Amino acid sequence: MIFLTALPLFWIMISASRGGHWGAWMPSSISAFEGTCVSIPCRFDFPDELRPAVVHGVWYFNSPYPKNYPPVVFKSRTQVVHESFQGRSRLLGDLGLRNCTLLLSNLSPELGGKYYFRGDLGGYNQYTFSEHSVLDIINTPNIVVPPEVVAGTEVEVSCMVPDNCPELHPELSWLGHDGLGEPTVLGRLREDEGTWVQVSLLHFVPTREANGHRLGCQASFPNTTLQFEGYASLDVKYPPVIVDVNSSVEAIEGSHVSLLCGADSNPPPLLTWMRDGTVLREAVAESLSLELEEVTPAEDGVYACLAENAYGQDNRTVGLSVMYAPWKPTVNGTVVAVEGETVSILCSTQSNPDPILTIFKEKQILATVIYENELQLELPAVTPEDDGEYWCVAENQYGQRATAFNLSVEFAPVILLESHCAAARDTVQCLCVVKSNPEPTVAFELPSRNVTVNETEREFVYSERSGLLLTSILTLRGQAQAPPRVICTSSNIYGTKSLELPFQGAHRLMWAKIGPVGAVVAFAILIAIVCYITQTRRKKNVTESPSFSAGDNPPVLFSSDFRISGAPEKYESERRLGSERRLLGLRGEPPELDLSYSHSDLGKRPTKDSYTLTEELAEYAEIRVK
């Protein structure tokens, strides 16, 4: 506070200067309410050696120099004053005692200004003092609020009014202080320049709600109608509180998202949007939005809004969930396994919401989970039937994605039951169908001849691979005697399998029953049938185009024992082959043995038509196997 309880400086200076020099002492400024009065305390001094009989004095308004003819406020010699001060001014002090205190009554705004005193001791002993007092005419009390009012910290607010009128003393009361606290009146206090003030104090603990509250003080003078009011707005400082923020947000991939954060604080806060410690946007404002254009799954996560000022901080989080279709599933697991092993395949994806995952094989559901990102497929003791293509499909309400993968089961060769031999005239064809992974080697063994023919010997063996099936055909010519035993042997890294190939129908026994003579007769009949068939086909091919092409058929294999007397081997072979093609009406290679059953109709026995073609092939090929 600025109040002093000891003697004011004004009176200390008077005491120290008594008896020596020209000088005057008065408050540099003084205030009073309009319509009241004011007493301006004043003391002066002069040299002791002057010893005047009578001491006079003059108060001037706004100028200390008489030659400027300033308005006279008070003059002890003539009592002649300026019209503005008629009946309003009088001297309260005794000039003989060097007291020049002035009283002004019925104050009005035009009386506010500077007041100078001039001492008149007679003759040339007159002196206008440079010291002066400035009078301020007021009409509102002065409410003093601390420079910083912080919520939660007790504060003292004071109401101060001048009390320099000996005739009227003010009384103070507070306005709008309900809920803040009860006032305390300190009473009349003396200031350091000899002026007086009335003071009332109000103590309270402000809250953030008190920010901007209008607090008033009223000064009234008893037995008059004079009342003066003054107001001050409280500037309460308080930390931020986030009052407006999005709740959790769901958005579809590619859409626009706006996140809003608003805070209440004084002073305004620094608002910051952050994600994973990275500042995305910040500004000093009461609200701040974060705009996300065409959101992606990478922007899914938790966003934080931070509000802070010098008095504290607050923060809130917002969860953004980006909804999107499943990503293309990935498959991690065994893709190659040996028969009997356990296979574990993991299919995983990512989506929001979590997808339905399903693993198919040939449209058959093998495993499925709902609202999971991973699916485990367990195949204990895999078999060759588990070999093939699988699909992992992920779907939710926003879309579907699928990934194909292959499981390769490796196993020892298996010779299928449809493997057999068939004889027609002097030709024998043996079919060996092997199921195996990896691809096996195939060999045909003729025990009675002590001969083994491998699949690499293209002259005698034709092989074709389709999936897990390997079909090999052995063609033997010149079998006039009983057909030999044929054993098919297949091998790979996992094992070897052998099977003696059975002959189809009664062809194998026919040669033993009819004997040599019967064979000649049968051969003659067979030639007649062949001639008939040949003539019929020639007539038919005149009107029809060829139905075979060279690229559709396997090669016809000839043995190295093929001969025509008196002609070179190569020429004779070409001549025979050309005549035989013309005999059948063919323009390309001999037709391929129909082996479609070997891969599309597994487990079925060959049809009769497939062997008819084998018999017809014998009509134009003469092959000898020694």
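Select E362 first. At 69% relative accessibility, E362 is exposed (exposed means over 50% relative accessible area, buried under 20%, partly exposed in between, with a 1.4 Å probe and protein chains only). This is a predicted model, in which local features need pLDDT of at least 70, side-chain atom pairs count only at pLDDT 80 or more, and totals for chains, interfaces and linings use all residues. Residues are numbered from 1 along each chain as its sequence is written, and side-chain values use heavy atoms, with hydrogens and water left out.

**Stop 1: E362 and K361**

The side chains of E362 and K361 form a salt bridge, 3.8 Å from N to O. A salt bridge here is a side-chain nitrogen of Lys or Arg within 4 Å of a carboxyl oxygen of Asp or Glu. K361 is buried, with a relative accessible area of 10%, whereas E362 is exposed. By this rule the count comes to eleven salt bridges.

**Stop 2: R98 and its partners**

Go to R98 next. Show D45 with it. R98 and D45 form a salt bridge, and their closest N and O atoms are 2.1 Å apart. The two belong to distant parts of the chain, 53 residues apart. R98 sits in the loop between β7 (89-91) and β8 (102-104), and D45 in strand β4 (residues 43-45). Strands are DSSP runs of E with at least two residues, helices are runs of H or I with at least four, and both are numbered from the N terminus.

Is R98 buried or exposed? R98 counts as buried, at 14% relative accessibility. D45 is buried too, with a relative accessible area of 2%.

D48 makes a salt bridge with R98, with the closest N and O atoms 3.4 Å apart. D48 lies in the loop between β4 and β5 (56-61) and R98 in the loop between β7 and β8, so this pair ties together parts that are 50 residues apart in sequence. D48 counts as partly exposed, at 35% relative accessibility. Keep all three on screen: salt bridges that share partners join D45, D48 and R98 into one network.

**Stop 3: T475**

Jump to T475. Look for strand β40 (residues 469-476), where T475 has its place. T475 is buried, at 8% relative accessibility.

Which residues does T475 touch, not counting those up to four places away in sequence? They are T427, V428, Q429 and F460. Contact means heavy atoms within 4.5 Å. Zoom in on Q429. Its side chain makes a polar contact with the side chain of T475, at 3.1 Å. A polar contact is a pair of N or O atoms within 3.5 Å; within protein, one must be able to donate a hydrogen and the other to accept it, and residues adjacent in sequence count only if both atoms are side-chain atoms.

**Stop 4: R485**

Select R485, in the loop between β40 and β41 (487-492). R485 is partly exposed, with a relative accessible area of 36%. Its side chain makes a polar contact with the side chain of E500, at 3.1 Å. Then pick E445. The C-alpha atoms of R485 and E445 are separated by 8.2 Å, and the two residues are 40 residues apart along the chain.

**Last stop: confidence**

Colour by pLDDT, the predictor's confidence in each residue, from 0 to 100. The protein's mean pLDDT is 80, and 77% of its residues reach 70 or more. Select residues 1-18, where the pLDDT is below 50. Finish at residues 540-626, where pLDDT stays under 50.
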